[in-house]
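Visitor: I'd like to learn how to read a model like this one. Can you take me through it?

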Amino acid sequence: MNAKTSSAGEEEASGMSNETLGEAKRRQVIRVAYVIAALDLTFLFMQMGLMPYLAKSLGLDSVGFGYLQTIFGVLQLVGGYIFGRFADQFGARAALILSCASGSCFFLLLSLSTNIPLLFLSRLPGVFMHGIPGAQKVITDVTTPSQRAGALGKLGFCFGVGIITGSAVGGVLSTKFGVYVPTYVGLVGSLINTLIAVVWIPSQTKPKSDHHVTEHSTSPSGSLFSIREILRLMKFPGVMEIFIVKVFAGFPIGLFMIMFSIISMDFFGLEAVESGYLMSYFGVLQMVVQGLVVGKLASRCSEMTLLRLSVFVFAGVGLGMALMRTVWHYCIIAAPLVFAFSMLATITDSILTKAVPSSDTGTMLGICASVQPLTRTVGPTIGGVLYKQFGVSSFGYLQLMVNLGLFVYLLKSKIPLEEMKSQ
């Protein structure tokens, strides 16, 4: 009875949000969030492509470059949760502006990095560079629970645009005009992104009724970082179970992707240009899956069904990875891999934002955003050991075993999804 009342209350509150903004305005805000996310990812992948060359030109060796990547991963890991808390306390608009402004500082420092200390210093603004969680927060605020999975799924289309455009533009600019030119483009683009957020995102995206919820549902502590807050959110029905699935289902493939630059050279024998083509192929797959598949399935199937499906497909991908021998095998595996990865991310984010009070959705999205930085932080060490000691097939077998275990767990457990509504 309480679950139904709570569910109805959330739908009504979200409906009030739509009435407050107006349907046309709501759609416009969502489209603006997509544009900001696409531009943010384009600039991010642009700098990711040039970083190895810039680091090498400054005399940084492979070990030092590993430290540089680890520092960025740790900053993103810590900053994801802080960013989410900031979004809950100050609003989605303020959070997006903070993310875009941090991106501007990041590219400014990167453009001035003429030595190794400045290069490491340029990583610091990364603690607040969370364009995707910011866009997710906006979308979560202005959509009803039934619309949320489809709307969040379309952000994956932005991810595909970012991979293709950022990699291509960054490569062309750095090759023809110099390694620092993409940083200038990123700086100007991030400033434009900040302006878009200031002008087009409304200062109030939540329903007005949520202000009452905020006062009673969130921790009285005003701190932006609180372990107690994380533990409080994990105690809501089903949150811990879904979050565990989210972390572990994608962890083995995350290890593989971290080692992919080495695997592509040693195992597949690819040149740098061919690796770029492969990344573009991934980008196209991402756009197709997120734009045409995830949203339609989300509107026709229950979220629990789709969660089980993504984990099962992940297990099949693991078997394929264990048996693959050529890059063509990997290209075939890539289609179900992108599907499972996209579906898992979209569905778990949707479920988890419904599982907590609407005043805590930003914090929950921030915690979710910390999963990938966590993998990037611990992944190089674990992935390196697996690859060196057991070869590429070890990633596949690990993926298969972990996801088969999770699939059985999801089949047997009764996660209380019906009660996972905002309080």
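Guide: L110, for instance, sits in helix α4 (residues 92-111). Before going on, note that this is a predicted model, where local features need pLDDT of at least 70 and side-chain atom pairs count only at pLDDT 80 or more, while totals for chains, interfaces and linings use all residues. Residues are numbered from 1 along each chain as its sequence is written, and side-chain values use heavy atoms, with hydrogens and water left out.

Visitor: How many helices and strands does the protein chain have?

Guide: The protein chain has 20 helices and zero strands.

Visitor: Is L110 buried or exposed?

Guide: Buried means under 20% relative accessible area, exposed means over 50%, and partly exposed is in between (1.4 Å probe, protein chains only). L110 has 0% relative accessibility, so L110 counts as buried. Across the protein chain, 53% of the 423 residues are buried.

Visitor: And which residues is L110 in contact with, leaving aside its neighbours within four places in sequence?

Guide: A contact is a pair with heavy atoms within 4.5 Å. With those neighbours set aside, L110 touches Q47, M51, L54, L119, S122, R123, Y180 and T183. For the protein chain, take contacts between residues at least 6 apart in sequence: 86% of them join residues at least 24 apart.

Visitor: How do I read the packing of two helices?

Guide: Helix α13 (residues 251-258) packs on helix α19 (residues 371-390) at about 80°, with axes 8 Å apart. That makes α13 roughly perpendicular to α19. The cut-offs are under 35 degrees for roughly parallel, over 145 for roughly antiparallel, 65 to 115 for roughly perpendicular, and oblique for the rest.

Visitor: Which residues in α13 meet α19?

Guide: F251, G254, L255 and I258 do, and their partners in α19 include T375, R376, V378 and L386.

Visitor: What about salt bridges?

Guide: A salt bridge is a side-chain nitrogen of Lys or Arg within 4 Å of a carboxyl oxygen of Asp or Glu. There are nine salt bridges in the structure. One joins R27 and E23, with the closest N and O atoms 3.1 Å apart. Both lie in helix α2 (residues 23-57), four residues apart, about one turn of the helix. R27 is partly exposed at 47% relative accessible area, and E23 is partly exposed at 38%.

Visitor: Which salt bridge involves E229?

Guide: The side chains of R85 and E229 meet at 3.1 Å, N to O. R85 is in helix α3 (residues 62-90) and E229 in helix α11, so the pair ties together parts 144 residues apart in sequence. R85 is buried at 3% relative accessibility, and E229 is buried at 1% relative accessible area. Another salt bridge links D88 and K137 at 3.2 Å, N to O, and both residues are buried. Salt bridges that share partners also join R85, E229, R232 and D360 into one network.

Technical notes: Axes are lines fitted to C-alpha atoms, for helices over the stretch in contact, and angles run from 0 to 180 degrees between N-to-C directions.
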